[in-house]
Amino acid sequence: MSHTAHIPSHRKPRQRASKSALRAGVAGGVLSTIAVAGAAGPAQAEPVTQTIEMPTITSGISTAVAASAQATQQVALDLETQANEDAAAAKAAKAAKKAHAEAVRKAEAEKKAEAAAKAKAEAEAEERAERASRTSERTTLSASAGSSDSGSSTSAPSSSSNVSGSAASIVAFAKAQVGDAYVSGGTGPNAWDCSGLVQAAYRTAGIDLPRVSQSQSTAGTQVSLDNLQPGDILYWGGAGSAYHVAIYVGGGEFVGAQNSSTGTVQRSMDYDRPTGAVRVL
């Protein structure tokens, strides 16, 4: 053997081709992965960024839309409230105007009614004064005629005196009520119906008459209208079915509570001729 044959070589042994190929493949694969990742990285970065930012943009828009809707709703409510207030104010003003007009109308009506009542009272007072004057004149004339005829005598002077004594209070009471109001069912002291006045007048003479005109028309002796005395009861309608009564006060006149338009009046018998008469005294 040669001297060199036994000396080991210091060169590394040559690797096998398969290992070299494997290592080259692994390295290529790693480099390919890095290259693919590098190429794909920028392409995927933008979608990720947009996915993160979109919720933020959408939330802001939603908040703005909600705020705008709320503001719009508040404006609508304010407008509706103002409209309601304006309508209520207009309605109140209209009602106040109507109430004022009604108050003015009532005040004017009351004023006219008072003026009419005053005028009516004055006219009735004048009429009563005239009647009283005429009655006084007739009384004076009758007294003068009686004194001038003192030489002759009447058939029943005493009985006439007795009747006139009771009739005087009845006639005086009836005349004192002239001008009072007529009210159906009225029995005084300031408002009467026809039979209520007659009953009250007779009560002053201590005589209690029935309350209604039908009964009063038969409460005494039937007398002719040509033979009346003061205090006799006049009636209209049939005896027992009379619908109206009054008191004969002498001089061809009567006092009666006629109706709601005229009230209690003194009238001539020619004004409303009665049907008949009864004498209670």
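This is a predicted model: local features need pLDDT of at least 70, side-chain atom pairs count only at pLDDT 80 or more; totals for chains, interfaces and linings use all residues.

Student: In what order do the strands of the open sheet lie?

Tutor: The order is S3-S8-S4-S5-S6-S7, with antiparallel pairing in this open sheet of 6 strands. Strand S3 (221–223) and strand S7 (263–268) are the edges, and each of them pairs on one side only. From one strand to the next, the twist averages 35°.

Student: What joins S3 to S8?

Tutor: Those two run antiparallel, with 3 bridges between S3 and strand S8 (residues 276–279). Look for Gln 222, which stands opposite Val 278 in S8.

Student: And how many residues lie between S5 and S6 in their hairpin?

Tutor: There are 2 residues between them, and Gly 251 in the turn has a positive phi of about 65°. S5 and S6 run antiparallel and are joined by 3 bridges. Across that pairing, Tyr 248 stands opposite Phe 254 in S6.

Student: How should I think about side chains along a strand?

Tutor: Here's the general idea: in a regular strand, the side chains alternate between the two faces of the sheet. As for S5 here, 7 of its 7 residues are buried, so that strand is mostly covered.

Student: Which helix packs on the sheet?

Tutor: A general point about helices comes in handy: an α-helix has 3.6 residues a turn, so residues three or four places apart point the same way. The one to look at here is helix H3 (residues 194–203), which packs on the sheet and touches S4, S5, S6 and S7. The direction of H3 makes about 45° with that of S5.

Student: Is H3 buried or exposed?

Tutor: Of its 10 residues, 9 are buried, so H3 is largely enclosed by the rest of the structure. Among the buried ones are Cys 194, Leu 197, Val 198 and Tyr 202. For the protein chain as a whole, buried residues make up 21% of the 281 residues.

Student: Which residues touch the most other members in the largest nonpolar core?

Tutor: They are Val 198, Tyr 202, Ile 233, Val 245, Ile 247 and Val 255, out of 21 residues in that core. H2, H3, S4, S5 and S6 are the elements that give two or more residues to the core, and H3 gives the most, with 6 residues.

Student: I keep seeing aromatic rings. How do I describe a pair of them?

Tutor: In general, you give the distance of the centres and the angle of the planes. This structure holds 2 aromatic pairs. In one, the rings of Phe 173 and Trp 192 have centres 5.9 Å apart and planes at 85°, so the pair is edge-to-face. This pair links distant parts of the chain, with Phe 173 in helix H2 (residues 157–176) and Trp 192 in strand S2 (residues 191–192), 19 residues apart. Phe 173 counts as partly exposed at 21% relative accessibility, whereas Trp 192 is buried at 3%.

Student: Why is the pair of Trp 236 and Phe 254 called edge-to-face?

Tutor: Planes over 60 degrees apart count as edge-to-face, and the planes of Trp 236 and Phe 254 are at 65°, with the ring centres 5.5 Å apart. Trp 236 is in strand S4 and Phe 254 in strand S6, 18 residues apart. Trp 236 is buried at 2% relative accessibility, and Phe 254 is buried at 0%.

Student: Where does the charged end of Arg 267 sit?

Tutor: Look over the ring of Tyr 271: the charged end of Arg 267 sits there, 5.0 Å from the ring centre.

Definitions and conventions. Residues are numbered from 1 along each chain as its sequence is written. Side-chain values use heavy atoms; hydrogens and water are left out. Two strands pair if DSSP finds at least two bridges between them. Helices (H or I, at least four residues) and strands (E, at least two) are DSSP runs, numbered from the N terminus. Axes are lines fitted to C-alpha atoms, for helices over the stretch in contact, and angles run from 0 to 180 degrees between N-to-C directions. Contact means heavy atoms within 4.5 Å. Rings of Phe, Tyr and Trp (its six-membered ring) pair if their centres lie within 6.5 Å; planes under 30 degrees apart count as stacked, over 60 as edge-to-face and the rest as tilted. Buried means under 20% relative accessible area, exposed over 50%, partly exposed in between (1.4 Å probe, protein chains only). A charge sits over a ring if NZ of Lys or CZ of Arg is within 6 Å of the ring centre and within 35 degrees of the ring normal. A nonpolar core is a set of buried Ala, Val, Leu, Ile, Met, Phe, Trp, Tyr and Cys residues joined through side-chain atoms within 4.5 Å.
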